[in-house]
Amino acid sequence: MELSFTQGRWDYERWGGFDPLSSANAKPPGVELWALFDVPIDQIDATWRNLTHALSGLFCASINFLESSATYASPHWSFRPSLVNDDHKINDAEHIINYDKTKGPSSRLRYGSLPREAVCTENLTPWLKLLPCRDKAGLAALMDRPSIYRGFYHSQRLYVLSSEFNSEKTEKQHEGIMLQQTLTLVLQPSNVQTTGNINKQALQPSWSISSLFGRELIGQCLLAKSSSVFLELERTLVEKLESARKDNTNTSLVVGTNYPSFHLNTVPDRVLKETTVSESMSGMPDGSIMFEFLVDKYNESHPLNVGLTWKAPVVWLSLLAPFRANRFLMGSGNARGSIVISLKADKSHKKIWVDDGVYALPGVAGCHISLLVFQVVPWYVRLYFHTFQVFIDGQPRPIWDVVKKMQISPAEDRKSPGVMEIELEIPCNTSSAALIVNFDKGFLRIDEYPPDANQGFDLPSAHISFPGFQANRYYLKEESFTSPLLLGFLSKSTVQLYTEVLLVPLATPDFSMPYNVITLTCTVLALYFGSLLNVLRRRIGEEERYLKSKAMGGGRLMQLLSKFSSKFKGKTGDSTSSGLRLHKVLLVVFLAVALHYYLSSK
């Protein structure tokens, strides 16, 4: 099982996509979850629902929205995990995807994505609590929340593997569950140092652990067997540094802390240089260099603060995947449109991987690059798979000249999403390719719209993998097996990348109309029931008898005055109002008599 929470999008052109770290840990925005089950087929969906609810409660997220069959899919060729046993043999989990010759794959894998899920500290805190020392000691003590969330990109990944999934277990391997946690960050130093201008080129920002996280390492977690900090110089950078070293001096590139182009403020405990697997790789760039710093040697009085200061400007490009992928929409209006996946070749590859340990030049006849495209769209975006088109270098090509195999699953309203999984074989000398498929937009019920419906609906990122390209590292055997990180570099992880999240506008109703209808209806009902209750509760006969008896009790003089006032008004019904008028008349007469007496006495 693999779960990832990601904020931001990995910039493949700037940060690379061919190395093991970026290929395995660069994830799509939002939440991505896939799981491989070893349970009976009829229990997989129920187990998936239980898993989503458990993870939702554990990480304070909306993962439970993936329980519906309209939100998850079953890939057939993508997301195949690799297993590493104690003998360091890499085994593909192909035996778990059981095949039936009559029915095809048995769909034991489930995949779901929530591209709009927000990532915050509520998701990071439960993730840190799974660590032995949480964030109180060791490497996790660097996890300062403001430093993490102000970066360009961050992704927290949780990978769980049961030993029952490895069919080639040895006696040395213990029963249990392996838990792997990875936090991938792209940060900018808080004190960016770009002083100096050599040959009118600005220096790269110098950095250190304290400038990135605002803290220093003061030792390892007491429960950890080993704890190390690795600093890697990738292949293309090493190639540039080697050429600069040969031009200026004959000193070695990997001795001490002072180098021609940069300076390390801490002496590394070990330096590892990547090796090649065969002589056929001699045309590839120089291997990467890895500096290792042991954390257990440092304490509060002597903290670890690895840093790198540049002396001269160096311009290099990260090694990219064979193709860069982008996805966008075509068309206008809220009725229909097209989804386009654009592939552009990366010309930095001098040689193209064809098979294990074998390379071929792009211009050689018969050279092809195999790639898998996996795309899931919600049911309200109805794909028309018969409109699928393939363009190579701007020219349309017959589908079956390029498509090796295809697995499609049309969407069913409110029951299942649309799934497209295609394996393509593109000539090595291809500069660009495009995949186009048309779609119609469906209509939702009013209770199916989110609160911000006018913003649009997000389509999950498409997943593209290159089965013939392996993002791995090769080190000497006695050096590589001392660290789990270096051991992971040996695994043959397929190069993969993700496209952008698409924002699709749908026709939205006038959400003010229900409010207007409710207001008008409530007003009419209030007037009706108010009048009805008033009529039902009033007892006119009793009120008249009460007022008449009250008038009779005042004596004959009050009766005469009441009749006089009734004749004066011209009506005989309202005794109360007549009495009030009579009181006013008497008051005026009294005041007049009093005034006359006062004036006459003077």
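**Aromatic groups, pocket, sheet and loop**

One aromatic cluster is formed by W379, Y380, Y449, F457 and F511. The model is predicted.

Q: How many aromatic pairs does the structure hold?
A: The structure holds 19 aromatic pairs.

Q: Why is the pair of F37 and W48 called edge-to-face?
A: The ring centres of F37 and W48 are 6.4 Å apart, and a pair requires centres within 6.5 Å. Their planes stand at 85°, whereas edge-to-face requires over 60 degrees. The pair is therefore edge-to-face.

Q: What makes the pair of F37 and W48 a tie between parts of the chain?
A: F37 belongs to the loop between β2 (30-36) and α3 (44-59), while W48 belongs to helix α3, so the pair ties together parts that are eleven residues apart in sequence.

Q: Are F37 and W48 buried or exposed?
A: Buried means under 20% relative accessible area. F37 has 9% and is therefore buried; W48, at 0%, also counts as buried.

Q: Why is the pair of F466 and F469 called edge-to-face?
A: The centres of these rings, those of F466 and F469, lie 6.2 Å apart, against a limit of 6.5 Å for a pair. The angle between their planes is 75°, and the class begins over 60 degrees. The pair is therefore edge-to-face.

Q: What relative accessible area do F466 and F469 have, and are they buried or exposed?
A: The values are 1% for F466 and 2% for F469. With the cut-off for buried at under 20%, F466 is therefore buried, and so is F469.

Q: Which residues are closest to the centre of the second largest pocket?
A: This pocket has a volume of about 970 Å³. Of its 33 lining residues, F65, T71, L114, Y380 and F457 are the closest to the centre. The elements giving two or more residues to the lining are β3, β8, β23 (368-377) and β29 (457-459). Y380 and F457 also belong to the aromatic cluster.

Q: In what order do the six strands of the open sheet stand, and what makes β3 and β10 its edges?
A: The order is β3-β8-β2-β1-β9-β10, with antiparallel pairing. β3 (72-73) and β10 (177-186) each have a single partner strand, so one side of each is left without a neighbour in the sheet.

Q: How do you know that β3 and β8 pair?
A: Pairing requires at least two bridges. Two bridges join β3 to β8 (residues 109-114), and these strands run antiparallel. On β8, G112 is the bridge partner of Y72.

Q: Which strands of the sheet does helix α4 touch?
A: Helix α4 (residues 121-129) packs on the sheet and touches β1 (2-7), β9 (153-162) and β10. The direction of α4 makes about 40° with that of β9.

Q: Why is P410 called exposed?
A: Exposed means over 50% relative accessible area. P410 has 53% and is therefore exposed. P410 lies in the loop between β26 (403-409) and β27 (418-427).

Q: With which residues is P410 in contact, leaving aside its neighbours within four places in sequence?
A: P410 is in contact with F385, S416, P417 and G418. The C-alpha atoms of P410 and M420 are separated by 8.4 Å.

Notes
Residues numbered from 1 in each chain as written. Predicted model: local features only at pLDDT ≥ 70, side-chain atom pairs only at ≥ 80, totals over all residues. Heavy atoms only, no water. Helix = DSSP H or I, 4+ residues; strand = E, 2+ residues; numbered from the N terminus. Contact = heavy atoms within 4.5 Å. Axes fitted to C-alpha atoms, helices over the stretch in contact; angles between N-to-C directions. Phe/Tyr/Trp six-rings, centres within 6.5 Å; stacked < 30°, edge-to-face > 60°. Buried < 20%, exposed > 50% of the residue type's maximum accessible area, 1.4 Å probe, protein only. 1 Å grid on protein atoms, 1.4 Å probe; cavity = no way out; pocket = protein on both sides within 12 Å on 5 of 7 lines; lining within 4 Å. Points joined across faces, edges and corners; volume = space filled by probe spheres on them.
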